Every structure is written in structure tokens, then in C-alpha cells.
Amino acid sequence: MRKKIVAGNWKMNKTLEEASILASEVKGMIEDELMSGAIVVLCTPSLFLLPVRNILGDSKRIFVGAQNCSEHESGAFTGEISAAMLKSAKVPYVILGHSERRQYFGEDGALLARKVDAALKHNLTPIFCCGEPLEVRERNGHESLVKKQLEESLFHLDDTHILSVVIAYEPVWAIGTGKTASAQQAEDMHAVIRRHIASKYGQDTAESISILYGGSVNAANAKELFASKDVDGGLVGGASLKSREFTEIAKAI
Ligand code: PGA
């Protein structure tokens, strides 16, 4: 059985004090209320990874994650954080290829392939994001674009390493817009992604990989989105900044 995962992407939000309060509240609620075996990940700004990890402690159901890492091992790359550093700080997850990184920081498929390799080399779990902008959806190019994103950044992996990747399908037009994909649109794309993985790695591997949906997930729409058979959880932005709402989303899986 593949893992059910609800990850919060805090993006560039919160002060240290606010981040600490949010992490403590989420931890308390998840430990008290989450009945499923789902995994919860809090992807915080880099500066807050250690304090949040310390707040979460050795929990087996709630973990900390980074929002990015460098493709380089170490060296003169001012402002960057390496996968080795994340590993040494006991940060098990890292988001890679978020559409904001692709759009504002020029990250392309080849660079993301190298970042995926760096993360896997240090036994981190990449949460690899893919998804199409609105104009691509409107000209019906979403399936081919997302397949290309997978091919460019993941399909060089061998049969073992691909199993360590979590995929997040995030249509760009649904991120931060309040305009979520319908459950049918999400399921259709998740099935496309799973079939594409199966075409390269076989059905068993495709069935073992968690595919999360992201884009305006909230407490009101999570249950319907998560009910689809190929949707294994969510990557949640805005709604992950509120402990009660985020917990309700996690409970919807
Ligand atoms: P959103 O962001 O939930 O605020 O739409 C999702 C994301 O960017 O991962």
C-alpha cells in the first residue's frame, strides 16, 4: 500500500515565534485527532526547520520538510542549502520543482533532475511537483506537459530510486487562486501520471508511488479531492498556515 501524505507548504510565511506556535498546535491536534495512518509533513522556511523539527520531536506521523535544496554537494553557493545539510539536520523531506521555483527562479527540468539526484543521494524523500499553467490547460496540452516534466526530471532514475519519490500534481492555475481542480480533473491527471510511470517502470512500481494533489486545497474540498483512487493526499499552501484548517485537511485523508 502506498503512503497517504498531507504536506503543508508554508512558503515564505511566519516569524519564528508564529512558526513555533503553528508547529506546536498542529502537532498536538494531529497526535490527538488523526486516526488514519497518514503521514503529515510541515515544509517550513529553511530558517525554521530545526526549531520545528525540535517541536515535532520523534513523532512517527508528523515530519519536517524543506521547500528546496541545491543540486550541488557543497561549496561556494551563497545562500543555498544542500541535501547533505538537510540530512545532517534530520530533515527527511524536500519539495522540489514547485511551480514558484520554476517560475521565479528559472528552475528547469534538467536542473530539477540534478536536485532530485542530490536529494536521493542523501536519502531524502523528494516531493516532486509538476503541473501545467492555465494557457497550457486551455489548449489541452496539460497531459503532454506533465508527462514531459516527469520524463525530464525523474525518468533517469533506476527502478529502486523512483520508489523513493513522492509526486505532487499542482495545476498552476489552482495554486493560491482559490480555484481548485475538480475531483474529476485531479483524478484524471493523477491517473495519467500513474499510467506514465507504469509505462516506464511497470504497474507495481506505479501503484507504490504516492501522488499528492495541490492547488487551493482546503478543509471544505479536501474530502472530495482525496476520495479519488489515485489521489494519495495533498500538498497544501495557504490552508497549511492555520492549524485547525490544516488538521481538518489531514483528517480528510
Ligand atoms: P495553495 O498552494 O494551497 O495556497 O493553492 C499550494 C502549493 O503551492 O503547494
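A polar contact here is a pair of N or O atoms within 3.5 Å; within protein, one atom must be able to donate a hydrogen and the other to accept it, and residues adjacent in sequence count only if both atoms are side-chain atoms. Keep in mind that this is a predicted model: local features need pLDDT of at least 70, side-chain atom pairs count only at pLDDT 80 or more, and totals for chains, interfaces and linings use all residues. Residues are numbered from 1 along each chain as its sequence is written, and side-chain values use heavy atoms, with hydrogens and water left out.

**View 1**
Gly-176 uses a polar backbone atom, 2.6 Å from an oxygen atom of the ligand. His-98 brings in its side chain instead, with an N or O atom 2.6 Å from a ligand oxygen. For Lys-11, a polar side-chain atom sits 2.7 Å from an oxygen atom of the ligand. The protein covers 95% of the 290 Å² of accessible area that the ligand has on its own (areas by the Shrake-Rupley method with a 1.4 Å probe).

**View 2. The shell around the ligand.**
Count the residues with a heavy atom within 4 Å of the ligand and you get 13, with Lys-11, His-98, Glu-170, Gly-176 and Ser-216 the closest. By class, that's four nonpolar, seven polar and two charged residues (Asp, Glu, Lys and Arg count as charged; Ala, Val, Leu, Ile, Met, Phe, Trp, Tyr, Cys and Pro as nonpolar; the others, Gly among them, as polar).

**View 3. The largest pocket.**
A pocket is an open set of points on a 1 Å grid over the protein atoms alone, where a 1.4 Å probe fits, with protein on both sides within 12 Å along at least five of seven lines; lining residues have an atom within 4 Å of a point. The largest pocket has 19 lining residues, and Met-12, Gln-67, Asn-68, Arg-101 and Phe-105 lie nearest its centre. Its lining includes seven nonpolar, eight polar and four charged residues.
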